[in-house]
Amino acid sequence: MLLGCGFVRVMFFYVLILRFIFIVRTAKQISTTGVSSSCARRDWQHCISTGVNMARIASMDNVFVRVKEKQYGPFSPRELRAMIDKGKFGKNDLIWSEEQDQWITATDFNARRYIFPSGDAAEQRPKRVIAVGGGKGGVGKTVFTSSLGVGLASLGKDVVMVDADLGGANLHTVMGILEPKYTFFDFYTMAVEDIKDIVLPTPVERLKLISGACGTLGLANPKYQQKLKFIRQLRTIEADFILLDLGAGSSFNVIDFFLAADDGIVVTNPEPMAIQECFNFIKICLLRRLQLAFRSNERVMAILESDELNRPGRIHIPMTEVLKKVGEIDPGAAGMMEEVLAAHRPKLILNMVMEKDDIKEGIAIQAAAAELLSIEVEYLGFITYDQNVRSAVRELKPFLLQNPLSSASQDLAKLISVKILGQSTINSFFEKRKLRKQLMEQRAEYPEISLHQQAPICSIKCFYWGDCDYQNGGHPCSVRHLEPIFKQ
Ligand SMILES: Nc1ncnc2c1ncn2[C@@H]1O[C@H](COP(=O)(O)OP(=O)(O)O)[C@@H](O)[C@H]1O
Ligand SMILES: [Mg+2]
């Protein structure tokens, strides 16, 4: 263990020194020649003609920047955004424009909206929108999202969970909120003007919720622009993390939310059907990403919309072939496509793992995505199948709070500290201890919910079960005035 840590430290300092040498060298290069000749020239007009829109953040060149008379870089768009989030780079600082061959302020930069997503991001607190999706229903997306929210909030982060399952919202129920005061529906129908007005408190400090609009079927199909507007508005909420709990299936509703987030996590269980739907979800997401990126390039779109690529089930043409075909008709677009593929990195979580061998399923998805789709799926880890999760759901509590020591909770704690917060092995050890302590305290204060006294959920124990016109499976009862509700 000690040896391992020592080795990791030596490697860490080695990488740090290499990076330092690199920065000094490039800074020297800029000060003598204005800008490094190795910085690839990008013709933005060409980007427009190849139809790259959504994916431009991915295809944007690495850039040199000048802050307080000092030059740094080159930085990737992701690195630049991290600097903006940390307040190290603002819109009045300078970026080297290859187009204009001079330093310009970030505000005048051609691709500025892709690094400052909401215009003034530099002045806002850092935030990460994480979408949790996956093809199949019942694989644990909602219970995972709720406990992820609890875990991050317990570690001092401000978190807003959003129930984006427009067809079957139930995140509020998992949080023990039976009748949410406001839902997404109020925002959608403009009953409230500002999205911040529908953010509800939860029993956990720092954790807030935007409840889904349960039972309002008209909502299940918002237009693409409405979804983008919703995400844009979400980004204006003060929070470190915004977690989107998505619905099942691979409809555009689910996929557009998944693609609009900063990070997309796909949850699956190790059963063959779930694995199949999970891979299909990853594939459809990628195709939608490419189609959005190249929608104004007719010839590329003809390839992307071809039957052999879109037919459900087995993949009939690997992405390497697609790239080759695109390269034959438009080499520039093929180059762009390579960049979109490199930047598209969904994350994967295997839930309800029962035995060691199950973990191989995650690796299998990774391998298939690399071979057939030419993308890297980042495997975040697994969560054990645990009866505590089931009892937590019945008690209307997130499982991380119901039993912080259960195996599922420990798996999640590790995942949060190492993969979501990016802690090193040593820090993650302390972070997990801190989390456990916080959870134990929160748990003692968490309200007990008695379904018999409060708004009941549809239940087989209901007096009217099987003979109820309003029975809608899971949502708080709308006929509870017709006492008695529960059979003895
Ligand atoms: N790690 C787990 N161990 C045991 N049961 C689980 C686990 N994760 C989820 N479940 C069960 O699966 C059910 C469905 O989970 P849910 O989060 O509602 O799925 P989804 O949102 O994907 O439709 C939960 O009610 C819970 O009982
Ligand atoms: Mg769900």
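How many of the residues of the protein count as buried? Of its 488 residues, 48% do, where buried means under 20% relative accessible area with a 1.4 Å probe and protein chains only.

This is a predicted model, in which local features need pLDDT of at least 70, side-chain atom pairs count only at pLDDT 80 or more, and totals for chains, interfaces and linings use all residues. Residues are numbered from 1 along each chain as its sequence is written, chains are lettered from A and ligands numbered from 1 in the order in which they are written, and side-chain values use heavy atoms, with hydrogens and water left out.

View 1. Helices (H or I, at least four residues) and strands (E, at least two) are DSSP runs, numbered from the N terminus. Take the contacts (heavy atoms within 4.5 Å) between residues at least 6 apart in sequence: 70% join residues at least 24 apart.

**View 2. Ligand 1 sits among 16 residues.** Here a residue counts if one of its heavy atoms lies within 4 Å of the ligand. Gly138, Thr142, Val143, Asn351 and Asp386 come nearest. Look next for the polar contacts, which are pairs of N or O atoms within 3.5 Å. The side chain of asparagine 351 places an N or O atom 2.9 Å from a nitrogen atom of ligand 1. A nitrogen atom of the ligand is also 2.9 Å from a backbone N or O atom of aspartate 386. Helix 6 (141–154), strand 11 (347–353), strand 12 (378–384) and helix 17 (387–394) each give two or more residues to the shell.

**View 3. Helix 10 (residues 252–260) is largely enclosed by the rest of the structure, because eight of its nine residues are buried.** Among the buried ones, you can find Asn253, Asp256, Phe257 and Phe258.

**View 4. The largest nonpolar core has 67 residues.** Such a core is a set of buried Ala, Val, Leu, Ile, Met, Phe, Trp, Tyr and Cys residues joined through side-chain atoms within 4.5 Å. Helix 11 (residues 272–293) provides the largest share of this core, eleven residues. Leu234, Leu244 and Phe294 have the most contacts inside the core.

**View 5. Leucine 234 touches Val162, Ile195, Ile210, Ile242 and Leu244, leaving aside residues up to four places away in sequence.**

Methods. Buried means under 20% relative accessible area, exposed over 50%, partly exposed in between (1.4 Å probe, protein chains only). A polar contact is a pair of N or O atoms within 3.5 Å; within protein, one must be able to donate a hydrogen and the other to accept it, and residues adjacent in sequence count only if both atoms are side-chain atoms.
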